[in-house]
Amino acid sequence: MEKRTFKNSIYGGIAQMTKALASPHRLEIIDLLAQGEKTVEAIAGEVGASVANASQHLQVLKQARLVNIRKQGHFVYYALSDPAVFMAWQSLRSLSIRQLPDVEKLVRDFRTDRHTLEGLSIDELLHRLESEQVVLVDVRPTDEYRMGHIPQALSAPPDGWDETFEHLPRTKEIIAYCRGPFCVYADEAVARLKSKGYRAFRLEAGFPDWQAQGLPVAILS
């Protein structure tokens, strides 16, 4: 094989994979599946698409070997095919915030409106957890919490915030985390907590970022 043929084939193959990412819905699906496997019905509900449309997007990702499937009874579960898929999305996400002014402005304006502009890094979270003066809450849906969460975190799914928040200690800081920088659950939870008089902050990263650093993970069977 000649050098030019070799390079054309290599870069062409990589380009085919990146084409699978060239869709807002498919990027959101990858962000969603970084939390754990989900059915096509659950994915469709999360990304605001019909089941048929979500299935088409998933097939594109499957053909690019970015997701795998697992069948159980009448249900088909989708999951990321490799941890490197999340790492690629993580890098693209960070690059977009740094290089695309509109993306950075959207994130900043959204958080400014909710008074959640100040976020904590994972290192800052680890330091604060050592003081035992904080309460960590996972504000993702219950199924995602069960598949994996940060140890010490309380489960506070969106449909149970009012009940959960009423029992949080007011003498401690409350730190909320969700799926990642573009997940709005943490911003909404922090805004609600602040309205009730709590000292609350959001973790800038999400659970998959914590997991990608090789930090301890708790799983409920």
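**View 1. The largest pocket of the predicted model has a volume of about 580 Å³.** Of its 20 lining residues (an atom within 4 Å of a pocket point), Glu-28, Asp-31, Phe-182, Cys-183 and Val-184 are the closest to the pocket centre. At least two lining residues come from each of H2, helix H3 (40-47), H6 and helix H10 (185-195). Helices are DSSP runs of H or I with at least four residues, strands are runs of E with at least two, and both are numbered from the N terminus. The model is predicted, with local features needing pLDDT of at least 70 and side-chain atom pairs pLDDT 80 or more, while totals for chains, interfaces and linings use all residues. Residues are numbered from 1 along each chain as its sequence is written, and side-chain values use heavy atoms, without hydrogens and water.

**View 2. Helix H5 covers residues 83-99.** Its buried residues (under 20% relative accessible area, 1.4 Å probe, protein chains only) are Val-85, Phe-86, Trp-89, Arg-93 and Ser-96. Seen down the axis of H5, they fall within an arc of 95° (directions from the axis to the C-beta atoms), so they line one face of the helix. Exposed residues (over 50%) on the other side of H5 are Pro-83, Arg-98 and Gln-99. The buried residues pack against helix H2 (24-33), strand S3 (75-80), helix H6 (101-113) and helix H11 (207-212).

**View 3. Val-190 lies in helix H10.** Val-190 counts as buried because its relative accessibility is 1%. Beyond its neighbours within four places in sequence, Val-190 has contacts (heavy atoms within 4.5 Å) with Thr-116, Ala-176, Ala-200, Phe-201 and Arg-202.

Key. Expected span 1.5 Å × (residues − 1). 1 Å grid on protein atoms, 1.4 Å probe; cavity = no way out; pocket = protein on both sides within 12 Å on 5 of 7 lines; lining within 4 Å. Points joined across faces, edges and corners; volume = space filled by probe spheres on them.
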